[in-house]
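Hello,

Here is the structure we talked about.

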Amino acid sequence: MYKILTLNNISVAGLDRLPRDTYEVASEITHPDAILLRSYKMHGMTIPETVKAIGRAGAGVNNIPVTEMTEKGIPVFNAPGANANAVKELVLAGALLAARNLGQAWRFATDLSGEDSVISKQVETGKKNFVGFELPGRTMGVIGLGAIGVKVANACRALGMNVVGYDPTITVQSAWKLASEVEQALSVDDLLSKSDFVTFHVPLTDATANMINAERLKLMKPGSVLLNFARNGIIDDEATVAALDSGQLYAYVCDFPSNLLKEHPRVITLPHLGASTKEAEDNCAIMVAEEVRDYLENGNIINSVNFPAINLPRNGGYRIAVVNSNVPNMVGQISTDLANEGLNILDMLNKSRDDIAVTLLDVDKQPGAELLQTLASIDGVLSVRSLSGRE
């Protein structure tokens with residue numbers, strides 16, 4: 001049995017991808033083979049030595065000590081794109097909330113009092129304070145053109161908006177999916193100067209922290225709108241409030257309430273709803289459960305944030321999976337040890353990423369415990385598993 005420790009409630013749709021006859025899943029379990037989580041903060045947590053994989057049912061992995069896991073030879077999986085439609089819909093909703101002053105109008109309507117006839121008169125008098133504008137013909141700037149950013153860009157084009165995008169690391173896959181009408185910005189500053197709305201779909205890193213600051217806000221069109229459903233910290237909130245107060249910005253819609261923002265008349269803050277749909281939770285759980293299962297059973301890796309992608313179809317042989325430091329002659333040492341034990345390699349695949357390499361080998365005979373120990377003793381090998389059965 002494979003043992004899976006869950007640190008948060010994981011959608012049943014995902015857990016159903018782990019067969020009950022071979023997987024034991026629980027929130028309290030000893031000697032787990034893998035950990036599944038959502039928002040649980042793992043920094044400082046003691047990781048059991050039996051853990052071979054960690055799966056995050058979502059895209060961001062800020063709550064996981066990825067560097068530490070890499071050093072231990074543990075891949076960290078995530079679910080990029082599984083919640084993309086949910087976030088896309090919220091970005092569109094945010095743009096409409098800002099353009100039509102819906103948050104302010106709702107607050108005005110809920111504060112009305114008196115007889116219905118009195119309320120009706122107040123409505124007719126007050127509605128002029130909430131005159132907004134329409135989206136077609138406006139320009140949406142999209143920073144980050146991954147799974148979410150591409151969906152946002154294409155949806156805004158479908159609404160009749162002009163779209164300008166910026167992503168210096170855009171993948172070929174994302175580029176193929178992006179509407180051809182989307183204009184390429186040369187830089188963040190270039191995008192800001194052209195956009196009426198700006199939405200962010202990047203992780204929070206040293207490079208993206210306070211990406212939007214007082215200096216960059218000055219580059220934006222007067223009366224523009226900021227939308228942040230990515231990560232808190234990408235936008236300098238104090239500088240943004242100052243820009244709102246001066247009229248440089250028209251509105252700020254984000255998923256990260258604070259005392260500074262929540263009462264501001266030109267800010268709409270939502271309680272981190274980006275991926276909070278039943279569909280997104282199911283999709284994320286299904287994706288990461290399948291990734292972790294494929295790694296545990298076959299050694300294949302897809303959507304790992306710290307390990308190379310690798311996929312070797314089964315051909316009927318006995319499989320050995322080796323994780324090691326990415327140093328010269330590692331494959332040579334492994335193949336020599338196999339030959340010394342009389343095992344013939346039927347198929348092999350080696351992939352590396354930065355300082356980590358993974359080698360999958362299908363051999364003609366069942367590898368014994370002594371061979372596995374010999375492989376594990378090679379300097380630089382972090383883990384060795386026989387996947388022809390439970391080790």
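C156 is buried, with a relative accessible area of 0%. Keep in mind that this is a predicted model. C254 is buried as well, and its relative accessible area is 0%.

How many disulfides does a search of the whole structure find? The search finds 0. C156 takes part in no disulfide, and the nearest cysteine sulfur, that of C254, is 18 Å away.

Most residues other than glycine have a negative phi.

What is the phi of N303 near? The value is near 60°, which is positive, and the residue is not glycine. N303 sits in the loop that runs between α11 (278–298) and β13 (318–325). With a relative accessible area of 27%, N303 is partly exposed.

N329 also has a positive phi, near 70°, and is likewise a residue other than glycine. Where is N329 placed? N329 is in the loop between β13 and α12 (330–340). Is N329 buried or exposed? N329 counts as exposed, at 54% relative accessibility, because the cut-off for exposed is over 50%.

Regards

Terms used
Residues numbered from 1 in each chain as written. Predicted model: local features only at pLDDT ≥ 70, side-chain atom pairs only at ≥ 80, totals over all residues. Heavy atoms only, no water. Disulfide = S-S within 2.5 Å. Buried < 20%, exposed > 50% of the residue type's maximum accessible area, 1.4 Å probe, protein only. Helix = DSSP H or I, 4+ residues; strand = E, 2+ residues; numbered from the N terminus.
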